[in-house]
Amino acid sequence: MTGSDPLLAGLAALAADAPDGLLDRVAARWVRVPSPVGELRVAFTGQGVAYVHAGEGFAEAFRSRFGRPLLPAARPPAGLLPALRTGRPGGVRLDLRGLSAFRREVLEAVRTIPRGEVRPCSWVAARIGRPTAARAVAAALAANPVPVLVPCHRVTGPDGDLSGHVLGAAAAERLLLAEGVDLERLRRLAGERVFYLASDTTGVVCFPTCHNARRITPAHRHGFRTLAQARAAGYRPCRTCRPAGAQSLTG
């Protein structure tokens, strides 16, 4: 993949060892790893994982995006394999250098979404203090350099759709199913224009995948299209999933 790269050839020809850290500044390491959506190619530096790619064209896409050559690594970076296996990537270091402050804020907010739950783009926008930036959030996630590790599959677009996922909607669905998300239930609720669920026993309103919402029994469950409607009916936002600030998925 990188044997003919002139930059790497030049480094190899140095008579003396390269200074510590030089290789990390000019090249990245890469490995193939299994995941719930098939084999992934992962590029990483001494700072953390920088790029995750599925399918062909990995080296070309990385070089075009980052301007660095790639060298094969003997082993994956620490924590990567268990993170992909369990769907809990919070302990994996990421190298997000080169991204704008806004994009980094978006990715860090998405990393806080629990396994098996989803949030709308408007929730992410509110979380980073930019409540009117839902479209910019969607654009940032569509260019997420480290999908799966930053779980953009847990973020939905208008009407709860997954069409903007960087690895494709099918991959997003497979990841959510592997995390135990009931996609058919979410689609049914979206078809009924229900994007929030409330309990008349606790007086709390949640996103449908919040673990608190999943415990509401049918006799005590009430659906709402908007958070404003739920509040008008006397419900307060859940302190766990924090729907306050998120716009309606239809809005």
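I count Ala, Val, Leu, Ile, Met, Phe, Trp, Tyr, Cys and Pro as nonpolar, Asp, Glu, Lys and Arg as charged, and the others, Gly among them, as polar.

**Basis.** I worked on a predicted model, in which local features need pLDDT of at least 70, side-chain atom pairs count only at pLDDT 80 or more, and totals for chains, interfaces and linings use all residues. Residues are numbered from 1 along each chain as its sequence is written, and side-chain values use heavy atoms, with hydrogens and water left out.

**Second largest pocket.** I took a pocket, on a 1 Å grid over the protein atoms alone, as an open set of points where a 1.4 Å probe fits, with protein on both sides within 12 Å along at least five of seven lines; lining residues have an atom within 4 Å of a point. I noted a volume of about 340 Å³ for the second largest pocket. Of its 22 lining residues, Val 118, Thr 156, Asp 159, Gly 160 and Leu 186 are the closest to its centre. I sorted the lining into 14 nonpolar, 3 polar and 5 charged residues. Strand S5 (119-120), helix H8 (169-178) and helix H9 (183-191) each supply at least two lining residues, and H9 gives the largest share, 4 residues. Helices (H or I, at least four residues) and strands (E, at least two) are DSSP runs, numbered from the N terminus.

**Helix H8.** I looked up burial, where buried means under 20% relative accessible area and exposed over 50% (1.4 Å probe, protein chains only). Ala 171, Ala 172, Leu 175 and Leu 176 are buried in H8. These buried residues fall within an arc of 135° seen down the axis, so they line one face of H8; the arc is that of the directions from the helix axis to the C-beta atoms. Ala 170 and Leu 177 are exposed on the face turned away from the buried side. After H8 comes Gly 180, with a positive phi near 90°.

**Helix H3.** In H3 (residues 58-66), I found Phe 58, Ala 59 and Phe 62 buried. They lie on the same side of H3 because they cover an arc of only 95° around the axis. Exposed Glu 60 and Ser 64 sit on the face turned away from that buried side. The buried residues of H3 pack against strands S1 (28-33), S2 (40-45), S3 (48-53) and S4 (70-72), with contact meaning heavy atoms within 4.5 Å. Just after H3, Gly 67 takes a positive phi of about 70°.

Definitions and conventions
Points joined across faces, edges and corners; volume = space filled by probe spheres on them.
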